[in-house]
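Hi everyone, thanks for making time this morning. I'd like to walk you through one structure and its ligands, so let me put it on the screen.

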Amino acid sequence: MEGKKEKTFKFVIVGGGIAGVTCVEQLSSQFPSEDVALFTAGPLIKAVTNYKQVSRTMEEFDVEEKPSSVLEEKFPNLTVIHSAVKSLHTHSHCVETADGRVFGYKKLCICSGARPKLLTQENPNVLGIRDTDSVQVFQKHLSKARRIVIVGNGGIALELVYEVKGCEVIWAVKDKAIGNTFFDAGAAQFLIPSLEANKAEVAGPCKRLRYTMEEPAPDAAQTFTADKYSRGQNPGTVEPGSALGPDWHRGIELQGAEQVSHRVSVEYQCEVEQIFTSEEFLLSSKQTLEADTGSWPVYVQLTNGKTFGCDFVVSATGVIPNTEPFVHGNNFLLADDGGLQVDDHMRTLQPDVYAAGDVCTACWEHSPLWQQMRLWTQARQMGWYAGRCMAADVLSESIELDFCFELFSHVTKFFNYKVVLLGKFNAQGLGSDHELLVRCTKGQEYVKVVLSRGRMVGAVLIGETDLEETFENLILNQMDLTSYGEELLNPNIDIEDYFD
Ligand SMILES: Cc1cc2nc3c(=O)[nH]c(=O)nc-3n(C[C@H](O)[C@H](O)[C@H](O)COP(=O)(O)OP(=O)(O)OC[C@H]3O[C@@H](n4cnc5c(N)ncnc54)[C@H](O)[C@@H]3O)c2cc1C
Ligand SMILES: *[C@@H]1O[C@H](CO)[C@@H](O)[C@H](O)[C@H]1NC(C)=O
């Protein structure tokens, strides 16, 4: 390998996603005269635009796909190599590309992201959604579909279920409530009416309650039918090369074959048992089960015994980190979720090899208010921090874990509501050692606070609550709130005045 090196770069970054591009930007700005290389498979890179620091830990930005030349123009000493990395040789400090070229590195950062877990590789009617291409494939399938089955309960499933219209949706979730990755059952109940399109509903009275975990599960299956799907403006059709950003579905028509309604039925607490092609299904005895007649391209048998025929299945059941090209022959530690383990300096077990974004698993001792989730914000933060750590290492400087890893925060939109998640928003890892305060105004807002020993450790804010900064401060300063009790969520008290 040593002799074949075409060139050795000071810094090599693999992956043109948010993590990789942010890392490149950080290093290229700090070391404008060093040779930096970005290896990426596709012609486009993902760039963060309109970045806005909203508060101490909250940030908002757009993600745009751009030609990589934009980066090279900005950083003349950056080389973008359009080829996937096929293998990594940590002993000789070099990477080999799919087209057989070998390049050396002094410091390497792996930002190769993750790919969707697919229920099956074999059936062309089972789709995963990952990038712009897969969204377009999905869209094409959808335009002819009358019924689809969506499997999964994370952010992607949530968005799809809400955005798809003109097509019946069967949504299989393994939990007792929708959106389990982001919400508890209470928030799910708040959001469910959004799937019934008639939004003319009057805002209900403001309820406040205090409860300690485990609400009843929603009915085993609920069906929401709506005649008019009356949300927002009609999104236009997709332009070529359009971005798959945080708003990846905006501007993309997610329209099925039927003109009619928004129809979603949720199948709770079940997973996929088996997937049949139409031939397999005809041959099997399953057709006597609870499946409708009529022939469908694909059939899904769920663990609750029900079988549904549909045009296609979307598997949105999480991701697998893209580690394969790197692990072979090297001594990395992989975490349980398949990610490359990194320490508090984003270092893997191999010298001079760092990792950031979806491909890595944060294995340092986390702040009690932070957890890793594979999201845009964390990809940006990790890419940026990895760049700074690589720089510090080169300069023999010390560096402390960045403040952004103190408190988990995520600002997003679900079902057209603004959603802010802070800290241990779902009481993650707290066991029974916590208490919840909830305030909910139907169709308007849902506010949940997680308290542990009288201190606020997490919050879910849905709607325009305007509480995020105050709550962020209360979580960060860990003030004892015992004496405030439920007053904390009293809508008639301006909480800001209280604490400022
Ligand atoms: C459909 C969808 C919707 C999402 N919506 C949201 C959302 O609304 N909000 C949110 O916060 N997060 C969302 N996410 C998650 C978010 O996309 C990821 O957390 C984030 O993109 C991770 O960034 P990354 O840079 O680590 O990886 P990626 O963006 O996956 O980039 C990885 C890069 O590495 C390249 N690569 C891979 N292997 C190699 C190789 N061997 N050699 C060279 N290059 C390689 C790829 O081509 C790619 O350019 C969504 C994800 C999906 C799939
Ligand atoms: C690129 O690197 C060379 C030296 O390697 C340096 O002279 C030049 O100024 C650098 N370019 C920029 C734009 O910094």
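Let's begin with ligand 1, where an oxygen atom is 3.3 Å from a polar backbone atom of Leu375. That is a polar contact, meaning a pair of N or O atoms within 3.5 Å; within protein, one must be able to donate a hydrogen and the other to accept it, and residues adjacent in sequence count only if both atoms are side-chain atoms. The backbone also comes in at Arg374, with an N or O atom 3.2 Å from an oxygen atom of ligand 1. At Gly16, a backbone N or O atom is likewise 3.2 Å from an oxygen atom of ligand 1. On its own, ligand 1 has 1,000 Å² of accessible area, and the protein covers 88% of that. These areas come from the Shrake-Rupley method with a 1.4 Å probe, and for residues only the protein chains shown count as cover.

Before I go on, a word about the model: it is predicted, so to speak of a local feature I need pLDDT of at least 70, side-chain atom pairs count only at pLDDT 80 or more, and totals for chains, interfaces and linings use all residues. Residues are numbered from 1 along each chain as its sequence is written, chains are lettered from A and ligands numbered from 1 in the order in which they are written, and side-chain values use heavy atoms, with hydrogens and water left out.

Back to ligand 1: how many residues surround it? There are 29, and the closest are Ala19, Val85, Arg130, Asp358 and Trp376. A residue counts as near if one of its heavy atoms lies within 4 Å of the molecule or strand in question. By class, that shell has 16 nonpolar, eight polar and five charged residues. The classes are these: Ala, Val, Leu, Ile, Met, Phe, Trp, Tyr, Cys and Pro are nonpolar, Asp, Glu, Lys and Arg are charged, and the others, Gly among them, are polar.

For the polar contacts, an oxygen atom of ligand 2 is 3.5 Å from a polar backbone atom of Pro32, and one is 3.2 Å from a polar backbone atom of Ser33.

Now to a helix. Is H4 (residues 155-163) enclosed or open? Eight of its nine residues are buried, so H4 is largely enclosed by the rest of the structure. Here, buried means under 20% relative accessible area, exposed over 50%, and partly exposed in between (1.4 Å probe, protein chains only). Among the buried residues of H4 are Gly155, Leu158 and Tyr162. Helices (H or I, at least four residues) and strands (E, at least two) are DSSP runs, numbered from the N terminus.

On to strands. Strand S28 (residues 455-462) is mostly covered, with seven of its eight residues buried. Strand S25 (residues 417-423) pairs with S28 in the antiparallel sense over five bridges; pairing requires that DSSP finds at least two bridges between two strands. One bridge joins Val420 to Leu461 in S28. Strand S27 (residues 445-452) also pairs with S28, antiparallel, over seven bridges, and there Val449 has Ala459 as its bridge partner in S28.

The loop between S27 and S28 holds Arg453. Its phi is near 50 degrees, a positive value in a residue other than glycine. Most residues other than glycine have a negative phi. Arg453 is exposed, with a relative accessible area of 64%.

Gln478 also has a positive phi near 50 degrees, and this residue lies in the loop between helix H9 (468-477) and helix H10 (495-499). Gln478 is partly exposed, at 29% relative accessible area.

One last stop: Pro321, found in strand S20 (residues 319-321). Why does Pro321 count as buried? Because its relative accessibility is 1%. Its C-alpha atom is separated by 8.0 Å from that of Leu340, 19 residues apart along the chain.
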